[in-house]
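Reader: I would like to go through this entry feature by feature. Please give the convention before each case.

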Amino acid sequence: MSASSCSLCAFVKSSIGRKIIVALTGLALVLFLAGHLSGNLLIFAGQEAFDEYAEFLHTFLHGMGVWIARIGLLVCFVVHIWFTILLTKANKAARPKYAHEATVQAPKSSRIMIWSGLTILAFVIFHILHFTVRTDSELATLGEESPWKMVILGFQNPLVVLFYLIAITLLCSHLSHGVASIFQTLGLRSKKTAGPIKFISKAYALVIYLGFISIPLAILLFGFGCEK
Ligand code: HEM
């Protein structure tokens, strides 16, 4: 085995290497959310704008663009979760039996990272079946005709909207801690930058939260799109 491949193995096996992998895959997912939200907000620009955007996504690079993005996302998602599990296991093994004081003092968003993470995983699976695979035959037929109409119909169900709201709330709790951790792991957090980093993470999580919940809420509570 060459020296460079060995140093890669050592990096992947080291605690700091694993933290950097979690941070970089987390960063890619954080950036995906900003892109996904910007595209989704086109719902408010009307049916034509949203359907044109969906058409662009599916035809970009002769249809290969969406698959490149899907594979990249899946790899980031799996690697992010896998290395988080490895780090959590190693942390637990290294922790003395009765040392729970640090847990008590940690912020709530940090303590529930594993639970918010698992809910996001369940949500993403549900969401892909809902809007990408379209297991509901009515949504599938409508989705072929107009993705905009599919989203409007998809959010007519109060239980579905409730699940989206719970998942998006936990997603944003995960983000408000996770974004700050990315800066810390990448060595960008110092005494001077700690305040601005905390502010940026919370502000980013809030923008993502308000942006995503605005769509199901506008449709279910205010009947947006239902007059068509
Ligand atoms: C309420 C807000 C949301 C709406 C209206 C929405 C809408 C959509 C739509 C229409 C698709 C299907 C794209 C297509 O295949 O044509 C999609 C896919 C997807 N969404 Fe969302 N989404 C929302 C929130 C989220 C959130 C919060 C996440 C992340 C946690 C997310 C992650 C994904 C992923 C991973 C895909 C699969 C991409 C693909 O393979 O097509 N979405 N979303």
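Predicted model: local features only at pLDDT ≥ 70, side-chain atom pairs only at ≥ 80, totals over all residues.

Reader: How many helices and strands does the protein have?

Author: Helices (H or I, at least four residues) and strands (E, at least two) are DSSP runs, numbered from the N terminus. Here the protein has 11 helices and 0 strands.

Reader: Which protein atoms are donors of the iron atom of the ligand?

Author: Donors are N, O and S atoms within 2.8 Å of the metal (3.2 Å for Na, K and Ca); water is not among the atoms, so sites may look incomplete. The protein supplies NE2 of His36 and NE2 of His127, 1.9 to 2.0 Å from the iron. His36 sits in helix H2 (residues 15–40) and His127 in helix H7 (residues 113–132), 91 residues apart.

Reader: What is the geometry of the iron site?

Author: Six donors count as octahedral if opposite donors are over 155 degrees apart and all others between 65 and 115. The site is octahedral, with angles of 86 to 179° among its 6 donor atoms.

Reader: At what angle do H8 and H9 pack?

Author: Axes are lines fitted to C-alpha atoms, for helices over the stretch in contact, and angles run from 0 to 180 degrees between N-to-C directions. Helix H8 (residues 137–145) and helix H9 (residues 147–154) pack at about 150°, with axes 6 Å apart. H8 is therefore roughly antiparallel to H9 (angles over 145 degrees).

Technical notes: Residues numbered from 1 in each chain as written. Heavy atoms only, no water. Parallel < 35°, antiparallel > 145°, perpendicular 65-115°, else oblique. Tetrahedral: all angles 85-135°; square planar, octahedral: opposite > 155°, others 65-115°.
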